[in-house]
Amino acid sequence: MKRLVAEWKYFENHGVSKEIISFSAIDKNSLEHFEAKIRGLTGTPYDNGVFVLDVRITGAYPFSPPKLVFKTKIFHPNINSDGKICLDLLNDQWCVALSFEKVLEGEGVILKDMKTCTKSDIKTAFSIKLLM
């Protein structure tokens with residue numbers, strides 16, 4: 001948790017990247033549960049959108065990734081109907097060097113990436129590409 005406290009203090013002192021609109025602790029006495037708002041990237045079907053994520057960080061952070069779930073309903077091949085994200089980076093490709101901020105920035109980037117995680121997501125990806 002020492003690193004998470006340091007990252008939180010950095011955010012308070014330096015602000016966040018342009019992709020991240022806001023983030024706030026759900027429980028002011030704990031840094032393990034956040035709500036974050038990110039922007040949809042320009043040039044994507046999500047442009048001008050604001051997306052709310054539920055972020056949970058375990059005591060094993062930074063050795064295990066944060067758990068992120070989109071609270072905003074979204075039609076995307078890498079996000080299921082429950083808002084769970086299919087991204088290697090948040091599973092077996094997690095790297096201790098990644099920061100909480102980089103993870104949130106990555107969620108903005110995932111909205112641009114229409115690569116699919118499973119064969120069932122191909123239809124979703126194709127439908128979105130038709131909209132672009």
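**Sheet, core and salt bridges**

Leu53 stands opposite Phe70 in S4. The model is predicted: local features need pLDDT of at least 70, side-chain atom pairs count only at pLDDT 80 or more, and totals for chains, interfaces and linings use all residues. Residues are numbered from 1 along each chain as its sequence is written, and side-chain values use heavy atoms, with hydrogens and water left out.

Start with the overall layout. The protein chain holds 3 helices and 4 strands. Helices (H or I, at least four residues) and strands (E, at least two) are DSSP runs, numbered from the N terminus. Along the sequence the pattern reads α-β-β-β-β-α-α.

Now the sheet. The 4 strands form an open sheet in the order S1-S2-S3-S4, with antiparallel pairing. S1 and S4 are the edge strands, and each pairs on one side only. Neighbouring strands of this sheet are turned by 20° against each other on average, direction ignored. Axes here are lines fitted to C-alpha atoms, for helices over the stretch in contact, and angles run from 0 to 180 degrees between N-to-C directions. Two strands pair if DSSP finds at least two bridges between them.

Take the pairs in turn. S1 and S2 are antiparallel and share 5 bridges. Ala25 faces Phe34 in S2. S2 and S3 run antiparallel, joined by 7 bridges. Here Lys37 has Val52 in S3 as its bridge partner. S3 and S4 also run antiparallel, with 4 bridges between them. In a regular strand the side chains alternate between the two faces of the sheet.

What lies across the strands? H2 lies across S1, S2, S3 and S4, and runs at about 45° to S2. Contact means heavy atoms within 4.5 Å.

Next, the interior. Of the 132 residues of the protein chain, 42% count as buried. Buried means under 20% relative accessible area, exposed over 50%, and partly exposed in between (1.4 Å probe, protein chains only). The largest nonpolar core has 27 residues. Such a core is a set of buried Ala, Val, Leu, Ile, Met, Phe, Trp, Tyr and Cys residues joined through side-chain atoms within 4.5 Å. Phe23, Val55, Leu68, Phe70, Ile85, Phe100 and Leu111 touch the most other members. Helix H1 (2–14), strands S1 (20–25), S2 (33–39), S3 (50–56) and S4 (67–70), and helix H2 (100–110) each supply at least two residues of this core. The largest share, 4 residues, comes from H2.

Look at Leu111. Leaving aside residues up to four places away in sequence, Leu111 touches Arg39, Gly40, Thr44, Tyr46, Phe51, Phe70, Ile74, His76 and Ile79. Across the chain, among contacts between residues at least 6 apart in sequence, 50% join residues at least 24 apart.

The charged pairs come next. A search of the whole structure finds 3 salt bridges. A salt bridge is a side-chain nitrogen of Lys or Arg within 4 Å of a carboxyl oxygen of Asp or Glu.

Glu7 and Arg3 form one of them, at 2.8 Å from N to O. Both lie in helix H1, 4 residues apart, about one turn of the helix. Glu7 is buried at 11% relative accessibility, whereas Arg3 is partly exposed at 24%.

Lys71 forms a salt bridge with Glu35, with the closest N and O atoms 3.0 Å apart. Lys71 lies in the loop between S4 and H2 and Glu35 in strand S2, so the pair ties together parts that are 36 residues apart in sequence. Lys71 is partly exposed, with a relative accessible area of 47%. Glu35 is partly exposed too, at 21%.

Arg56 and Asp54 also meet through their side chains, at 3.2 Å from N to O. Arg56 is partly exposed at 43% relative accessibility, and Asp54 is buried at 14%.

Finally, the backbone. Most residues other than glycine have a negative phi, and most peptide bonds are trans. Which loop holds Asn48? Asn48 is found in the loop between S2 and S3. Phi of Asn48 is near 70°, a positive value in a residue other than glycine. Asn48 is exposed, with a relative accessible area of 72%. A cis peptide bond joins Tyr61 and Pro62, with omega about 10°. Pro62 sits in the loop between S3 and S4.
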